[in-house]
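Welcome, and thanks for taking a look at this one with me.

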Amino acid sequence: QAFGAQQLGPAGVRSRRAGGGRPAGAMVLCEVMSAAPESFLSTWALIAVLTLASVVVFSGPVFWFYYVRPTYEKWCYKINTRFPSPEDVRLEIQQTVKGILAATLAPSLSLYLSQHGMSYAYCGVGQLGWSYMFASFFACWILADLFEWGYHYLGHSVSFMWAVHRHHHRFYNPSPFSVIADEPMDQFVR
């Protein structure tokens with residue numbers, strides 16, 4: 001089917017196919033997904049590998065600079081003057097990989113369902129315009145941040161939630177790899 005053609009989505013709702021009416025080069029993620037693997041597991045693996053690569057790209061140089069090649073001048077700026085043990089860093093990296101697998105599950109499922117016409121996903125600017133796009137972006141950002149704050153607060157104040165969340169606080173002297181070193185359930189809910 002040609003880009004820009006109308007098609008029926010879930011429950012007979014008309015939706016625009018990716019790419020309709022946008023200038024060249026104005027692609028969004030759901031348009032890129034039209035070339036993605038057909039399998040959910042392949043989509044999940046691709047997004048998880050890309051996420052892991054971004055963690056390595058952003059955390060790796062910081063880890064190298066501050067932890068592998070420390071100097072007295074760098075050490076003076078550390079809040080916690082001790083460095084984590086190699087075992088703790090290894091555990092942080094393992095927890096981060098598990099956290100990435102859990103954190104990429106829902107977005108992968110969303111993209112997969114959108115790609116197969118099984119969701120009401122909104123792709124691109126379309127008929128609703130830029131104002132809707134900006135308003136929905138900021139509304140989602142504020143609501144997601146509020147949810148994250150509330151979930152984290154409850155994770156510290158409700159005993160059964162603390163039992164899941166406390167693993168994140170095992171790393172009292174964290175390295176850059178501990179950014180999302182959470183238990184998979186903790187990461188998935190967030």
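A salt bridge here is a side-chain nitrogen of Lys or Arg within 4 Å of a carboxyl oxygen of Asp or Glu. By this rule the count comes to 1 salt bridge. Please keep in mind that the model is predicted.

**The salt bridge and its helix**

Side chains of opposite charge can pair when their charged atoms come close. In this structure the partners are Arg90 and Glu87, whose side chains meet at 3.2 Å, N to O. Both residues belong to helix α4 (residues 86-103), where they lie 3 residues apart, about one turn of the helix. Arg90 is partly exposed, with a relative accessible area of 45%, and Glu87 is partly exposed as well, at 44%.

Helix α4 also holds Thr96. Is Thr96 buried or exposed? Thr96 is buried, because its relative accessible area of 3% falls under the 20% limit for that class. Leaving out residues up to four places away in sequence, Thr96 touches Val55, Phe177, Ser178, Ile180 and Ala181.

**Aromatic rings**

How many aromatic pairs does a search of the whole structure find? The search gives 11 aromatic pairs. Two of them are set side by side here:

| Pair | Centre to centre | Angle between planes | Arrangement |
|---|---|---|---|
| Phe137 and Trp141 | 5.7 Å | 50 degrees | tilted |
| Trp149 and Tyr153 | 5.7 Å | 15 degrees | stacked |

Why is the pair of Phe137 and Trp141 tilted? Its planes stand at 50 degrees, and planes under 30 degrees apart would count as stacked, whereas those over 60 would be edge-to-face, so this pair is left as tilted. Phe137 and Trp141 are 4 residues apart in helix α6 (residues 129-157), which means that about one helical turn separates them. Phe137 counts as partly exposed at 47% relative accessibility, while Trp141 is exposed, with a relative accessible area of 52%.

Trp149 and Tyr153 are also in helix α6, 4 residues apart, and again about one helical turn lies between them. Trp149 is exposed, with a relative accessible area of 57%.

Elsewhere, ring pairs link Phe40, Trp44 and Tyr112 into a cluster. A ring can have a charged neighbour too: the charged end of Lys74 sits over the ring of Phe65, 3.7 Å from its centre.

**The nonpolar core**

Which residues make up the largest nonpolar core? This core has 7 residues, namely Ala48, Val55, Phe63, Tyr67, Val89, Ile100 and Phe177. Helices α2 (40-68) and α4 each supply at least two of its residues, and the largest share, 4 residues, comes from α2.

Setting aside neighbours within four places in sequence, Val55 is in contact with Gly60, Thr96, Ile100 and Phe177. Ile100 and Phe177 are themselves core members, and Thr96 is the buried residue of helix α4 met above.

**The chain as a whole**

Zooming out, the protein chain contains 8 helices and 2 strands. Along the sequence they follow the pattern β-β-α-α-α-α-α-α-α-α. Of the 190 residues, 26% count as buried. Among contacts between residues at least 6 apart in sequence, 61% join residues at least 24 apart. The accessible surface of the chain comes to about 12,600 Å², and 69% of that belongs to carbon and sulfur atoms.

How values were computed. Residues numbered from 1 in each chain as written. Predicted model: local features only at pLDDT ≥ 70, side-chain atom pairs only at ≥ 80, totals over all residues. Heavy atoms only, no water. Buried < 20%, exposed > 50% of the residue type's maximum accessible area, 1.4 Å probe, protein only. Contact = heavy atoms within 4.5 Å. Phe/Tyr/Trp six-rings, centres within 6.5 Å; stacked < 30°, edge-to-face > 60°. Lys NZ or Arg CZ within 6 Å of the ring centre and 35° of its normal. Core = buried A, V, L, I, M, F, W, Y, C linked by side-chain atoms within 4.5 Å. Areas by Shrake-Rupley, 256 points an atom, 1.4 Å probe, with all protein chains shown as cover.
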